[in-house]
Amino acid sequence: MTRSAAQDQDRWNEYWTRYAFEYDEHQLSRLAHADERATWSRIWADALPIGTRSVLDVGTGTGNVALQLAADGYEVTGIDLSEGMLERARAKCAGHPAPPTFLRGDAVQPPFPPGSFDAIVSRYVLWTLRDAASALQRWHELLRPGGTLVAVDGP
Ligand SMILES: C[S@@+](CC[C@H](N)C(=O)[O-])C[C@H]1O[C@@H](n2cnc3c(N)ncnc32)[C@H](O)[C@@H]1O
């Protein structure tokens with residue numbers, strides 16, 4: 001990463017950390033509706049083929065997708081570069097029988113060897129990335145043969 005790209009990324013990480021609380025409160029207020037939680041469970045179950053076990057949630061933010069997938073039985077790793085977002089994600093792991101592993105990691109260059117995951121999920125993340133094309137290429141390499149990428153984003 002060039003120095004100026006790294007500086008831009010640092011600014012974005014600070015931005016997400018500054019708004020972590022508000023962001024999470026908004027997401028949790030939506031998840032408080034049983035319909036919303038059930039709808040997301042159905043979306044992931046429809047998108048992830050039977051037999052999927054290991055899932056990487058890139059740009060996991062405050063971890064709500066990762067936590068829901070873990071509750072649904074997947075082995076989940078969530079990465080993000082915002083310490084504030086990760087702090088809120090980790091705080092929600094207490095009492096979870098098989099919580100996700102939350103790590104600081106760059107979604108554009110995830111710190112894993114090729115073929116590490118059965119599936120990669122990305123929700124509301126592509127639009128935030130400094131280089132979405134490179135990220136998609138790396139995500140493809142991280143998948144095992146026949147693996148699945150699920151990206152959920154607005155236009
Ligand atoms: C709109 S939030 C989405 C959070 C979560 N996926 C969700 O569905 O609630 C975007 C997240 O992407 C993260 N992000 C942006 N660029 C990133 C990068 N290069 N590496 C890791 N995380 C990144 C931000 O820190 C933020 O937590």
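## Close-up views of a predicted model

**View 1. Glu 25 and Arg 88 form a salt bridge, with their closest N and O atoms 3.3 Å apart.** A salt bridge here is a side-chain nitrogen of Lys or Arg within 4 Å of a carboxyl oxygen of Asp or Glu. Glu 25 belongs to helix 2 and Arg 88 to helix 5, so this pair ties together parts that are 63 residues apart in sequence. Helices (H or I, at least four residues) and strands (E, at least two) are DSSP runs, numbered from the N terminus. With a relative accessible area of 38%, Glu 25 is partly exposed. Buried means under 20% relative accessible area, exposed over 50%, and partly exposed in between (1.4 Å probe, protein chains only).

The model is predicted: local features need pLDDT of at least 70, side-chain atom pairs count only at pLDDT 80 or more, and totals for chains, interfaces and linings use all residues. Residues are numbered from 1 along each chain as its sequence is written, and side-chain values use heavy atoms, with hydrogens and water left out.

**View 2. Asp 24 has a salt bridge to Arg 88 and another to Lys 92.** The side chains of Arg 88 and Asp 24 meet at 2.9 Å, N to O. Arg 88 is in helix 5 and Asp 24 in helix 2, so the pair ties together parts 64 residues apart in sequence. For Lys 92 and Asp 24, the closest N and O atoms are 2.9 Å apart. Lys 92 sits in the loop between helix 5 and strand 3, and the residues of this pair are 68 residues apart. Is Asp 24 buried or exposed? Asp 24 counts as buried, at 1% relative accessibility. Arg 88 is partly exposed at 23%, and Lys 92 is partly exposed at 24%.

View 3. In view 1, Glu 25 and Arg 88 form a salt bridge. By the same rule, the count comes to 10 salt bridges.

**View 4. Helix 5 (residues 83-91) has the buried residues Gly 84, Met 85, Leu 86 and Ala 89.** These buried residues pack against helix 1 (3-18), helix 2 (20-31), helix 4 (64-71), strand 2 (75-80) and strand 3 (101-104).

**View 5. Thr 60 lies in the loop between strand 1 (54-58) and helix 4.** Thr 60 is buried, with a relative accessible area of 8%. Not counting residues up to four places away in sequence, Thr 60 touches Ala 66, Gly 78, Ile 79, Asp 80, Leu 86 and Phe 102. Contact means heavy atoms within 4.5 Å.

**View 6. The largest nonpolar core has 19 residues.** Such a core is a set of buried Ala, Val, Leu, Ile, Met, Phe, Trp, Tyr and Cys residues joined through side-chain atoms within 4.5 Å. The residues with the most contacts inside the largest core are Trp 44, Leu 48, Leu 69, Phe 102 and Val 121. Helix 4 gives the most to this core, with 5 residues. A second, separate core of 14 residues includes Ile 79, Val 108, Phe 117 and Leu 143.
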